[in-house]
Amino acid sequence: MRSQKHRCRLLSLSVKSIGCGRHGVSIEGKGGHAEQALKKTSESQGKLVSVTPRLSFVGVHVFAHWLDQQHAFDPVVAQLTQTVKAYKQTHPGDDFALLHHREQTLLRRFQALFFAPLWGIDRLSAFDTQEHPLQTLRGRDYQSSTLSQFLGQLERVGAAEALMPTLLPEQVGQIIYVDGHMIASWSRRSLHKGKITMLGRIMAGSQAVIAHDEAGQAVFVAYHPPDIHLSRVILAYCQQVALATGRTLVVIDRAVNAMALACAFDAQGFGLLCMLDDNEHAGLESFEATLVDTLEDGTKVYSGPWKERRPDDPRHFVIVAPTEGKTLVYWGTPQVQEALETTEWPRVYRERNEIQELSFKRMNDHGALKTNYGRKTILGPDRHQQRKREKLAQSLETAHQRVDKQSAALKAQQDKVAESESKGHGTRLEQRQRALVVVEKDRKDAQHNQAKLIEQACAIGPPQERADRDFRKQTIMTMRTLLLENALMAFMVALCEHLPSKVSLDCILRILFERRGARMETVSQVVYWVNTAGVSLPYRRLLAEVVEGLCAMELRDQGKPIRVYLKDMPP
């Protein structure tokens, strides 16, 4: 009976010959010969250990083996273990599950969070309803309740700060790119609001300020409420980045191009490269420009300071004047001028688009960057009300000064009219009386405006409270996303060394990571098959190159070499 069950199990795996590793060879419909064919295949490749005939996201499995081979999760587990240990010492009376997790449990649960975006899982609740290969990938399945509890306890022990060093590569590039990414949030609570750039709406949310090095590796992240402009926090943020990376040369978007910011960065010894707003210059005539280079397309590159000397302005400018189109002006502090050739400034700034803007789009697509995690809020003073009150206070001060000025002017004009009346003036008296009417009207207008502002100030009412999102869970999951993006980029670098054709990460995700396949393990090797059903001929050729590149990477699973093949499989 046992042998019969064993035979049936083998027969159920042999609809297609997944053990041959060759294209177009099938044992479908061969009845009892299927078992012999599978046995012959396993004998040629070593004794059969296990077979998984249907494996979803086969590329993710291969990617996971590469990560294991690189020991990519060792720093994460080490940091989490150290954080838990420190929490136990500072809170000896606390007792919850995370404090008793073994390193293997920490690893598996963090990997579940790590790989989830590659399976199209953005919210943890999708683990309960969406098909995913966690069981075949890590040998353990989890429900959303377990992972939500794990994430909440990571928040409790302060894992966000502990995981920050795991973002740093072995060698950080010389230049740091910084940009903010707005994430919208919908809530019935009264939250601080800001302009969510991607939606073009004023609404609640969060602002992730993310730093990348020149190789495109994310190195730091911090969250701020959406109503706080980047220019107000950027200096303190760059100081944190400098402490973490040792790098002080920063490239920022044009949103923070004030001279005051350049002075603040220069005072700290930081280098700052930005683009000058078009409203702040009138082209080449605004600068004492010197031609430094002429490009192949005729574009001229100039360098120099302002034409009208501004002693308090530390900025130096590089002007790019194309033969057609508008002139672009870049500015940098003295530290940038010392570190980079002026001819390199436009190229260094333009690379920000690929390193950050396109990276944000990729992480939105396959990294769940725009997903909100955590519902906790922190109640505090209503900053919108405070700003409105401050703005009205300034307007009221101006209005008071204008009323006082108009009252003085009215008194002076009344004195002139009285003087003309006493002296019996004719024409001059008429002129002064007409001027008095105008001054009286101006005084009434000023008093009316003052009364209106006082009414608006009274309508604001007593100080109110408004909430901010608690960003601890959000920061942990964003670091998960950044770690995933860094790992994918490193994987692409390793893979492209073995590819004759250029291929993008988005393409690899579509044609390899998201496809299903099969897996067979013998005593001597592990074999993966990628299903090519429905793939067009050009993409099939590209996928064949990718598979050959994967084999050339010499991947291993528990010491066994990994081979990857292509195979048409039935639906």
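Guide: Of the 125 residues in the largest nonpolar core, Phe-63 and Phe-115 touch the most other members. A nonpolar core here is a set of buried Ala, Val, Leu, Ile, Met, Phe, Trp, Tyr and Cys residues joined through side-chain atoms within 4.5 Å, and buried means under 20% relative accessible area, with exposed over 50% and partly exposed in between, for a 1.4 Å probe and protein chains only. The most is given to this core by helix 15 (residues 472-496), with twelve residues; helices (H or I, at least four residues) and strands (E, at least two) are DSSP runs, numbered from the N terminus. Apart from this core lies another one, of 16 residues, including Ile-175 and Val-318.

Before going further, please keep in mind that this is a predicted model, in which local features need pLDDT of at least 70 and side-chain atom pairs count only at pLDDT 80 or more, while totals for chains, interfaces and linings use all residues. Residues are numbered from 1 along each chain as its sequence is written, and side-chain values use heavy atoms, with hydrogens and water left out.

Leaving aside neighbours within four places in sequence, Phe-63 is in contact (heavy atoms within 4.5 Å) with Phe-114, Phe-115, Leu-118, Leu-484, Ala-487, Leu-488, Phe-491 and Phe-513. Phe-63 also belongs to one aromatic cluster, together with Trp-66, Phe-73, Phe-110, Phe-114, Phe-115, Trp-119, Phe-491 and Phe-513.

A search of the whole structure finds 19 aromatic pairs, where rings of Phe, Tyr and Trp (its six-membered ring) pair if their centres lie within 6.5 Å, and planes under 30 degrees apart count as stacked, over 60 as edge-to-face and the rest as tilted. One of these is the edge-to-face pair of Phe-73 and Phe-114, at 5.0 Å centre to centre and with 85° between the planes. Because Phe-73 lies in the loop between helix 3 (58-69) and helix 4 (74-90), and Phe-114 in helix 5 (residues 103-115), the pair ties together parts that are 41 residues apart in sequence. Phe-73 and Phe-114 are both buried. The rings of Tyr-87 and Phe-96 have centres 5.6 Å apart and planes at 65°, so this pair is edge-to-face as well, and Tyr-87 and Phe-96 are likewise buried.

Turning to the cysteines, a disulfide is a pair of cysteine sulfur atoms within 2.5 Å, and by this rule the count comes to zero. For Cys-238, the nearest cysteine sulfur is that of Cys-274, 9.6 Å away, and Cys-238 is buried, with a relative accessible area of 2%. The sulfur of Cys-496 is 11 Å from the closest cysteine sulfur, in Cys-507, which is too far for a bond; Cys-496 is partly exposed, at a relative accessible area of 33%.

Five strands form an open sheet of mixed pairing, in the order 1-14-15-17-16, and two strands pair if DSSP finds at least two bridges between them. Strand 1 (48-55) and strand 16 (556-557) stand at the edges with a single partner strand each, so one side of each is left without a neighbour in the sheet. Strand 1 runs antiparallel to strand 14 (residues 517-522) and is joined to it by five bridges, and Leu-55 stands opposite Gly-517 in strand 14.
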